[in-house]
Structure formats: structure tokens, C-alpha cells
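Please walk through this structure with its helices, their packing and its nonpolar core in mind.

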Amino acid sequence: MLTRRLLQLLIGLALYGVSLAMVIRASLGTAPWDVLHQGLAGRTGLSLGTVVIGVSFLVLLLWIPLRQWPGIGTLCNAVLVGVFADVGLALIPQFSHLGGQIALLIGAVLLNGVASALYIGARLGPGARDGLMTGLARRTGWPVRGARTGIEVVVLAAGWLLGGSVGVGTVLYALAIGPLVQLLLPRFTVPEPKRPESPLAAGDPATAAL
């Protein structure tokens, strides 16, 4: 079971990085966190993947006051998404035709939904940004949706000011990714191992008279 979970985690993170690259190459706007990544990459001259990795570890520092603890999936997420984003950007050409851009964007959002369900369903720890959202909600008492909205509005505004791309892709991602992950997650969630049934629950003849 652990082998399956690790394999599913790695596949999910690889696909997530590639989907990020697809969104960038579509040039129609990116997800809020990726607007920030793109803006920072443009300002610093670093590759997008390097920025993704750097921001991930900075966000993990914010887990400390929230008393959040990373899992192996969290650490893999912090590194591998950025690595595969750079691989995807090296392999996927820039699209200039609107039809190609729209197709690439839709494919990226669908792939991102599958990738998210895969790595979340592996149950090996949330991504740095997801953990920040849930940790903030837990410590403040805010609803998770409110914490997520607040965080993403801040990073979107910061990324836009830094020159990141905001557009129809940003809106499409915001509207579609939640329902997609909700639909796909049950299909990819690795079930908890079954615990041995209690003799009392099983109706063990030795305890039936008690």
C-alpha cells in the first residue's frame, strides 16, 4: 500500500508541474499562486520552477507558528512541482494561436485536477500552500473557504503588481479546480488499512455470553 501511495504521489506531483507549465504557455492567465510565481520569476530572472521551490519553503516557515508539521508528501511537493514545471516549460512550445491557447488552457486545468486528486489522495501530507490554508483556518477559527480566499486574494494582488499574468485562465482555474478535485478525489484516495475487527463486534462465541 505504501508503494502505491508513493508512486501515486510522485505521478501526481509530476503532472501538477507539467500542468503549471501548460497554463504558463497558454498565456491566458494563471492560478493565483502562479501569478505570484510568474511575477517573481520575471523580477528575479530565476526560472519559474526555482521560484516555485523557493516560495514553497518560505511558506513552510509560516507553518511553524501555526504548529503544522509536514509529511513526506509535503516535502516532495515543495521540490518536485518546481522541477517538473521547468521540465514542462522546456518541452512545451509557446502558443500564439488563440484556439491553441484555449485548448492548452482547458487541458491544463483538467490535468491539474487529476494531478491534485492523485497527490492529495495519496494521503502523505498536504502541499505547503494547502497546509497554510488549513493551519490558518484551524488556528484562527476562520472557515477553510474564507482562509483560502483571503490568502489567494493577497498572493494574486502581489503577483499582479510584480507583473504576473492575470486573465481568463485565472478565472477558469478558480471556478473549475474545486469541483474537479471534488469529483476525482474519491477515485484516487488510497483507503485506510482495515483494522482487525474486535471479537465483540464480530460476535465471537467466546464472548457472546458476556
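This is a predicted model: local features need pLDDT of at least 70, side-chain atom pairs count only at pLDDT 80 or more; totals for chains, interfaces and linings use all residues.

What follows moves from one end of the chain to a helix pair and then to the core.

Thr3 and Leu132 are 129 residues apart along the chain, and their C-alpha atoms are separated by 27 Å.

Two packed helices are described by the angle between their axes and the distance between the axes. For helix α2 (residues 32-44) and helix α3 (residues 48-66), the angle is about 115 degrees and the axes lie 9 Å apart, and the crossing of α2 and α3 is right-handed. On the α2 side the contact is made by Trp33, His37, Gln38, Leu40, Ala41 and Thr44, while α3 contributes Leu48, Val51, Val52, Val55 and Val59. Of the residues in this contact of α2 with α3, eight are nonpolar and three are polar, with no charged residue taking part.

The largest nonpolar core comprises 49 residues, and those with the most contacts inside it are Leu9, Leu20, Trp33, Leu48, Val59, Leu132 and Ile151. Two or more residues of this core come from each of α1, α2, α3, α4 (72-91), α5 (98-121), α6 (128-140), α7 (144-161) and α8 (168-188), and α1 gives the most, with nine residues.

Leu20, one of the residues with the most contacts inside the core, touches Asp34, Leu48, Val52, Val81 and Ala85 when residues up to four places away in sequence are not counted.

Definitions and conventions: Residues are numbered from 1 along each chain as its sequence is written. Side-chain values use heavy atoms; hydrogens and water are left out. Axes are lines fitted to C-alpha atoms, for helices over the stretch in contact, and angles run from 0 to 180 degrees between N-to-C directions. Helices (H or I, at least four residues) and strands (E, at least two) are DSSP runs, numbered from the N terminus. A crossing is left-handed if the near helix is turned anticlockwise from the far one by less than a right angle, and right-handed if clockwise. Contact means heavy atoms within 4.5 Å. Ala, Val, Leu, Ile, Met, Phe, Trp, Tyr, Cys and Pro count as nonpolar, Asp, Glu, Lys and Arg as charged, and the others, Gly among them, as polar. A nonpolar core is a set of buried Ala, Val, Leu, Ile, Met, Phe, Trp, Tyr and Cys residues joined through side-chain atoms within 4.5 Å. Buried means under 20% relative accessible area, exposed over 50%, partly exposed in between (1.4 Å probe, protein chains only).
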